[in-house]
Amino acid sequence: MEKLIEQIKQGKVWPFPGGVHPPQQKSLSNTHAIMRLPLPDKLVVPLKQHIGANGKLIVAKGEQVLKGQALTEPAANWSVPIHAPTSGAITDICLMPSAHPSALPELSVIITPDGEDTWCKLSPVNDVTKLDHDQLVEIIHQSGISGMGGAGFPAYVKADSRKPIEYLLVNAVECEPYITADDLLMREHAEGIIRGIELMQQILTPTLTIVGIEDNKPEAIAAMQNAAAHNDQIIIQTVPTIYPSGGEKQLIKLLTNKEVPSGGIPADIGVLMHNVGTLFAINQAVYEGKPLIERVITVTGNTIHKPGNVWALIGTEVKHLLDCQGFSPIPQQCVVMGGPMMGFTLPTVRIGVIKTTNCILAPDHHELAEPGAEKACIRCSACADACPASLLPQQLQWFAKSKEYDKLKDYNLFDCIECGACAYVCPSEIPLVQYYRVAKVEIKEQQAEQIKAERARERFEARKERLEREKKARQNRHKRKPARKSADEKQKVTDALARVKKDSSGDKDDKSAVAAAIARAKAKKKNTEAAELEPDNSEVVAERAARKEKARQYKAQKQAQQSETQTDKVDDKKSAVAAAIARAKAKKAAKETEVTPEQHSEAPAADDKKAAVAEAIARAKAKKAAKETEAATEQSSQTDEAPAADDKKAAVAEAIARAKAKKAAKETEAATGQSSQTDEAPAADDKKAAVAEAIARAKAKKAAKETEAATEQSSQTDEASAADDKKAAKEIEATTEQSSQTDEASAADDKKAAVARAIARAKAKKNQPEGSDKS
């Protein structure tokens, strides 16, 4: 440590890798003092001029503001306010092109100066020794000071570093070929810069402060040495002129021989760095109470008639600066904000300068030639040799083209300071830095999306857990709490426990008594809980029995109604069937009556007796069928007209009708058989026909008597009580079956007798002499 400090004090510097030597053009602008410009017609003040969040807007359109008045206030981490550069009216608050290569619109405050340039009330500090660390940091914060030589890092964040700082480095190198703003500032305001350095020493208490200045600025070196002569802890160190020696990591290597680790910051190795412009602004904020509202800007280039350095208000349009310095544009003129190495071409000159703007370059075609077409890489390795960060630009370019972001991270893309040294030496004119910038933006966007997705996942899991907790809480709420013990029970238990404690050495009887008392208390508690949870069991049993009895009665009533309905339907169907059978029999008898005369007309004259017998049989059958039809119809009508209470009577009538129909069918079959036998008999069998006719008349007479008997029985049955209906029906059916059996037996006997007589006649005829027929 002491050896390193001794080496530093002796003026030793350590080279960094790479670097280039572009031609110097500083003499164009460093021969004249810093000038003041007239107030512009309007000021475009962007809200975002630094790394970090925007401030909260505290002014409105149409409002009058004073010079130095705050337009925003800090609203988040790394947020610094902006202030009105001059007094005037806020004519608009809208989106305007930003000082960025993309010129994307940024919210800006448009101020029209009133020409008075009236300051707001300032609060300078006369004795800084009375201010502590936090008070100094707060002054720097509220003054809106951010880094004025690089990316615009908030100065109060560096000043409030919680890590021990050994070396405070002041960057006064200004390595860009055209820029001389820091050079002129050191020449004219070296005392103010030193006072700013001393304020940072009071805040950070470093071991040593080193001011690094390139050896091409002898006047600035002399001015700074004279201003720092009274402070032996401030060393003015001269460094060789090489680009990019002004880079943060490169200057740390030059002055301390320390290297910042990849992905780290200088505070990690005990080093903190500020630009000379930032330190001068800190001096003004503390000793004069002025916020950061202006800075020194180099306006240079071959198309500028009066190149030099000017005090420019923040928000002044680039066009105003160019016009004040005698700008003579040429065809296809380009205007660059920054130096030729790290600057960018402006899409319009109607862009306001910001806190990090240090140069406006308006070159002609000889100074800054148009880049040629990109050619294929010839793998010369010149880019790798020139890289001050010891990277592999060729590999990075390939990975950037193919969007292999993981490989870019592995090759430390974010260590690139975008100095442009690789593109400067590339013989194929490949815009390497542009590839790196695009890849960095895409990687940052990808990381932002991953962060959003992770946060969304965390929110989803948190919501899921919350819903589960609410569900469990609802379930627990619905659970019945156990009944509380009454005062008497609690007292009994307490007394029992007291007796147990008192007589712990007593007899077993006392213990059993206590146990019995506790058991009784538990049983009573259990009965109480059961009584609360369930109603009286006797009432429940009675209520359930009543409900069951009511349901049984309703079911029995419904089944009775259904059985009556089904009986009515069955009886109706049976009556209809009986009527249909009677009609069919009548129709069949009529057909037989029609057919028989025709057959008789066609028969020979010898069969007249046979035809007469058949006709008589047919008339008897037709008469009988008609009577049966009338009887069935009357029974059907009586059944239909009878009330529901006479269902059994209708069943008896139906049984009678079925028996009659069955008997009539059998008689028809018997008559048909007899008729066929009669038709087949020879003409000589007249006696047989007469017998058959007599049998038919006897059967018809018998059927009529049976019908009358059945009718009388039916009327008697109607008059009988309902209890004897079933018995009467069974007796009628038995009588009918016996009658039918008798008829069948008599028919069979008749057939046998007829056959026997026919056989006898045949034998008699055979034995008769042949001459008897002739006689």
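Is Glu317 buried or exposed, and what is the relative accessible area of Glu317? Glu317 is buried, with a relative accessible area of 6%, where buried means under 20% relative accessible area, exposed over 50% and partly exposed in between (1.4 Å probe, protein chains only). The model is predicted, so that local features need pLDDT of at least 70 and side-chain atom pairs count only at pLDDT 80 or more, while totals for chains, interfaces and linings use all residues. Residues are numbered from 1 along each chain as its sequence is written, and side-chain values use heavy atoms, with hydrogens and water left out.

**View 1. Lys42, Glu317 and Arg350 are linked in a network of salt bridges.** A salt bridge is a side-chain nitrogen of Lys or Arg within 4 Å of a carboxyl oxygen of Asp or Glu. The closest N and O atoms of Lys42 and Glu317 are 3.7 Å apart; because Lys42 lies in the loop between strand 1 (35–36) and strand 2 (43–46) and Glu317 in the loop between strand 13 (308–313) and helix 9 (318–324), this pair ties together parts that are 275 residues apart in sequence. Helices (H or I, at least four residues) and strands (E, at least two) are DSSP runs, numbered from the N terminus. Arg350 also forms a salt bridge with Glu317, with the closest N and O atoms 2.9 Å apart, and this pair links distant parts of the chain, 33 residues apart, Arg350 being in the loop between strand 15 (344–345) and strand 16 (359–361). Lys42 counts as partly exposed at 31% relative accessibility, and Arg350 counts as partly exposed at 43%.

View 2. Arg466 is partly exposed at 35% relative accessibility, and Glu470 is partly exposed with a relative accessible area of 34%.

**View 3. Gln394 is placed in helix 11 (residues 393–401).** Gln394 counts as buried at 19% relative accessibility. Leaving aside neighbours within four places in sequence, Gln394 is in contact (heavy atoms within 4.5 Å) with Cys377, Arg379, Cys383 and Tyr436.
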